[in-house]
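Trainee: I am new to this structure. Please go through it with me, one question at a time.

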Amino acid sequence: MRGVLFFFALLVAGHCQTLFIGDQVLRITVKSQEQLGLLQSLEEEQDLELDFWLHPVSSDLPVDIRVPFASLQTVKVFLESNDIPYSVMIKDVQEVLDKEQSDMEANTMRERSSKSFNFGAYHTLETIYNWMDTLVADHPSLVSKVNIGSSYENRPMYALKFSTGGDKRPAIWIDAGIHSREWVSQATAVWTANKIATDYGRDASLTSLLNNMDIYLMIVTNPDGYVFTHTGNRMWRKTRSRISGSSCRGVDPNRNWDAGFGGPGASRNPCSDSYHGPSAHSEVEVQNVVDLIKSHGNFKAFISIHAYSQLLMYPYGYSCNDVPDAPELDSVGRSAVKALGSLYGTRYQVGSICKIIYQASGGSIDWSYNNGIKYSFAFELRDTGRYGFLLPANQIIPTASETWLALKNIMEYVRDHPY
Amino acid sequence: MSWFVYATVTLLSLVQGNPTVKSSQQQAPPTAEQSVGYVQQQQSTLEYNNMEPKPALTPAEAMPVEELNPSHYPARRAAHVAQHYLNTQHGSPFKLLGVDRVVSATSEEIAGVGMKYVVVFALKEMITNEPMGQCSAEVLYPIGEEQAPPQVQCSCEGLLHIDTKAQEEALYQQLKASDSLVSGHNIPDSYGFIAPEMKPFWHLGGVASSFVMLKESNESTLYNMAQVVNVTQQESQNKELTFQYHVLLHEMVSQEIIHWKLLVAWCPAEGVRVLQTEWQPKCHHCVAPPSNTTLTLYSTS
C-alpha cells in the first residue's frame, strides 16, 4: 500500500505543471471611491487566491483579476451584489494557454522545413544555421555548405555554395552581415539563398548563370557580432576580438582588409566603432574570407551587402581617385539600381564609396578589386535613416525582393562579360 | 536626479531660428578619437542667442562657387543639416520632415567665415510619406577648430500644406487628462516594431534629437536618430508636457552610436522645446535587455 502511495506521489510530483482550467480573467470598472475600497479589501482575501493583473489603484483605471475557478462564484456574487460592473476578458485561461503552446509548437515545426521558413522575420544565428542545413538537404545537387573557418569565439563560418558542377568555375562571391547590427543584410541573404535554390531550373537567366558559374553566399560573415546583437547590444557592429592593451573589444571588419589599411576613414582607437585593428587581416573572420578567395583563385565578382542608406557603390573607399574601371562599374551599377527601383520605386544612389558616403580605408571591395576581381560592389540596403538599423521585419521581403533584381542584373552582366 | 546637477543647461527655442553657440571651451564633435574625452567638454554652459545677426559677406572675400554632384556626400550632408533645422522649426509628434532627394547643390568658401552650401532638395513628410515640394537651403558651416553649429536658412514651398493641429490637440488633451504618466523603452525594438500608441513619442524623440543633431553637425558628420532607449513623461509644471528622453544617435561617418539624454517640452501652441541635453559616455560593457517579441500571458513551469 505504501508503495502504491509513494508511486502515486511521484507521478503527481513529476507532472507539477500548474493548470488554470476554468479560471477566468475579469475586468472591473469601479464607479466610485467606495467601490475601489471594496476591491482593495477583496485583495486582502487570501483564501480566494485571486491574482490581480491590474491592481485597484484608482477609480479611473480598470482592475483586472484572474479568478481561480473555485472562487468564481464567490467573486461574481460579491461584484453583482455591490453593483460593481465587470466583464469577462478571458473565459478560460487554460484554453488560451493551450492555444499559445500549440501555436509556438507549430511555429517551431514550420521553421524546421526550409520551404515554410518565415523569411519575413529576423532570426537568431542558431535558427539561420539550422535553416541552412535544411536548404542543403532540400537541394542537394545544387547547394552545399562550406566551412571556411572559425570566428574569434570559435563559431563556424559557413558559406553556401551554389554549383552545378565543374572544378573551380568562375564564381561570384556575396557576403552579408559583416557588420552585425545591419540585420536586414543577413535577412536578405537568407531570402536570396532560398531564391537562388528555388529559381534554378525555373528562371532561364539564373539557370544559364548557374550552368556556367558558381555562387558563394555567406549569410553571416560576422557570427560573433551577430550573436552579440541578440544577447548584449543590438547596436554592435564589430567583431568580438579582444584587443591587447584595451578594455574595448572588437575590430571593424570592413576597415581590416589590406587595402590602404590604416589610412583615413578608419580609427586607431580600439574603442571606436571604425577601429581598423592592430594589422591588416588581424581578424580571423576577414582572414578566412581572404584565404577562400585566394585559394579558389577564380572569383569574377565580389559583392558585399550592408545597411542602411540605399546606395550601390564600387571601389575605392580608401581613395577618392577613380579606379580604371569606374565608367563600366558605374554603368553596371546604374543598370542594377534601375532594376531594383522597378519593383517598389525604391531610390538608390550610385558611385564610388569615397565620393558617395565617405573616405574609408581597409574595405573589403577595395581589397577584392586590387586582387583582380573587377566587378566589386557594396550595397547599403534600406532605409535612408528613418528606422536605420532597426528596419521593421515587414520590410525584409520587399527589401530582399528588390535587391534580388539588382543582384541578378549584376550577375548576368558578369556572366556575359567573362575576363 | 543627480544628472540634473551635472547636466549642461541648454535653452533652445523653437520660435526663432539660427541658434548660435557661444562657448569659450572646446566643443569638438564626439568623433572616434575624441569620444572618450568628450565628457569634460560638456561642462560649459551653452547659450543660444537667437537674435545674432548673420555674418556679413564681403563680395571680395568670396571664393568661386563650386557645383556639387547631388549624389555625393557633401551635398547630401548639407541637405541633412537643413532637414534637422526644419524639424526643430516644424516637427511635432505628428510631423517629421525628411530629405527625399537632393536636386542640386553648390558650395562656396567664405574666407574667414566658413563653407557655405546652397542646396535644393525635395522634401517629404516622413509619417505620411507625402511629398512636400522643394526646399532651398543655405547651410553655413562656421570656420574654426571647435564645433559650432551650422547656420541654416531654409525656405520650402509646401510646408504649410500638412495640417497636424487636430491630431496634436487630441494627443495633448488625452495626456493632460490622464492620471498616469506615459513611458516606453526601445522604440523601435530590435525587430523594428513600434507599438502604435508609442509612435507619436518616437516622432517627438526624433524632433528633439534634431536639436542636438543640428548643433553637432559639421562637414564631416551625418546624423540620424537610431532609437529611443527610453522616454518617461514627467510631472507637468505648466501647460507644456515634459518628457525625459534617452536617445541613441547614429553618426554615419564615424559609425558611432552616441547616447544623449534630453529633457523635452511640448504643447501644440509652443511646439517642441529641448530644455536640457546631456551627452552620455559610451558604455563598453552595456548589456541591453533582449526585446520581448512574444507576449506570454502566464508562465507555466
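Trainee: In which sense does α10(A) pass α13(A), left-handed or right-handed?

Mentor: This is a predicted model, in which local features need pLDDT of at least 70, side-chain atom pairs count only at pLDDT 80 or more, and totals for chains, interfaces and linings use all residues. Residues are numbered from 1 along each chain as its sequence is written, chains are lettered from A and ligands numbered from 1 in the order in which they are written, and side-chain values use heavy atoms, without hydrogens and water. A crossing is left-handed if the near helix is turned anticlockwise from the far one by less than a right angle, and right-handed if clockwise. The crossing of α10(A) and α13(A) is right-handed.

Trainee: At what angle do helix α10 and helix α13 of chain A pack?

Mentor: Helices (H or I, at least four residues) and strands (E, at least two) are DSSP runs, numbered from the N terminus. Axes are lines fitted to C-alpha atoms, for helices over the stretch in contact, and angles run from 0 to 180 degrees between N-to-C directions. For α10 (residues 326–344) and α13 (residues 396–416) of chain A, the axes are 8 Å apart and the angle is about 145 degrees.

Trainee: How many nonpolar residues has the contact of α10(A) with α13(A)?

Mentor: Ala, Val, Leu, Ile, Met, Phe, Trp, Tyr, Cys and Pro count as nonpolar, Asp, Glu, Lys and Arg as charged, and the others, Gly among them, as polar. The contact has five polar and two charged residues, and its nonpolar residues number 11.

Trainee: Which residue in β6(A) stands opposite S144(A)?

Mentor: β5(A) and β6 (residues 156–162) of chain A pair in the antiparallel sense over seven bridges. Opposite S144(A) stands K161(A).

Trainee: Why is the pair of W183(A) and Y191(B) edge-to-face?

Mentor: Rings of Phe, Tyr and Trp (its six-membered ring) pair if their centres lie within 6.5 Å; planes under 30 degrees apart count as stacked, over 60 as edge-to-face and the rest as tilted. The ring centres of W183(A) and Y191(B) are 5.5 Å apart, and the pair is edge-to-face because the planes are at 65 degrees.

How values were computed. Two strands pair if DSSP finds at least two bridges between them.
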